[in-house]
Amino acid sequence: SFIMYMSGNTISIFPIMMVIMMMIRPVKTMFAVKQTFKSFESGSGGISTNIIGQKFVFVMGNLANLALAMYKCHGMGLLPTHASDWLGFADPIQRAEWSIGGIGL
């Protein structure tokens, strides 16, 4: 996540590639949860263990990574969040106030 912070919110190839990878990897990982935990299910001596809590934390961590990627897309302005993003005849939102360096303009 530090590298995502350092890449900034500009639209260039490096941040876009990082966001794409940050969205694809958790999705691919969540489809392979059973395969990932296969070796842990049969505990020592063939006794099966309950690892549902560990799987839950694993899935929650991947969902957090996906949420971070969506937040980064929002910061870059790539998510359609306003009506003007969907409709050609709608006017874009006009900013009510601009601030620079903590001073309202």
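Asn62 lies in helix α5, where helices are DSSP runs (H or I, at least four residues) numbered from the N terminus. This is a predicted model, in which local features need pLDDT of at least 70, side-chain atom pairs count only at pLDDT 80 or more, and totals for chains, interfaces and linings use all residues. Residues are numbered from 1 along each chain as its sequence is written, and side-chain values use heavy atoms, with hydrogens and water left out.

**Helix α5**

- Asn62 counts as buried because its relative accessibility is 9%; buried means under 20% relative accessible area, exposed over 50%, and partly exposed in between (1.4 Å probe, protein chains only).
- Not counting residues up to four places away in sequence, Asn62 touches Pro26, Thr29 and Met30, contact being defined as heavy atoms within 4.5 Å.
- Lys72 also has its place in helix α5, and a relative accessible area of 8% makes Lys72 buried.
- Neighbours within four places in sequence aside, Lys72 is in contact with Met4, Ser7, Gly8, Asn9 and Val19.

**Helix α2**

- Helix α2 comprises 19 residues (residues 13-31), which at 1.5 Å a residue should span 27 Å, and the distance of 27 Å between its end C-alpha atoms agrees; the expected span is 1.5 Å times one less than the number of residues.
- Pro15, Met18, Val19, Met22 and Pro26 are the buried residues of α2.
- These residues lie on the same side of α2 because they cover an arc of only 100° around the axis, the arc being that of the directions from the helix axis to the C-beta atoms.
- An α-helix has 3.6 residues a turn, so residues three or four places apart point the same way.
- Exposed residues Ile13, Lys28 and Phe31 are carried on the face of α2 turned away from its buried side.
- The cover over the buried residues of α2 includes α1 (2-7) and α5 (52-76).

**Helix α1**

- Ile3 belongs to helix α1 and touches Phe14 and Met18, not counting residues up to four places away in sequence.
- Ile3 and Met18 are 15 residues apart along the chain, and their C-alpha atoms are separated by 8.9 Å.

Note on methods:
Helices (H or I, at least four residues) and strands (E, at least two) are DSSP runs, numbered from the N terminus.
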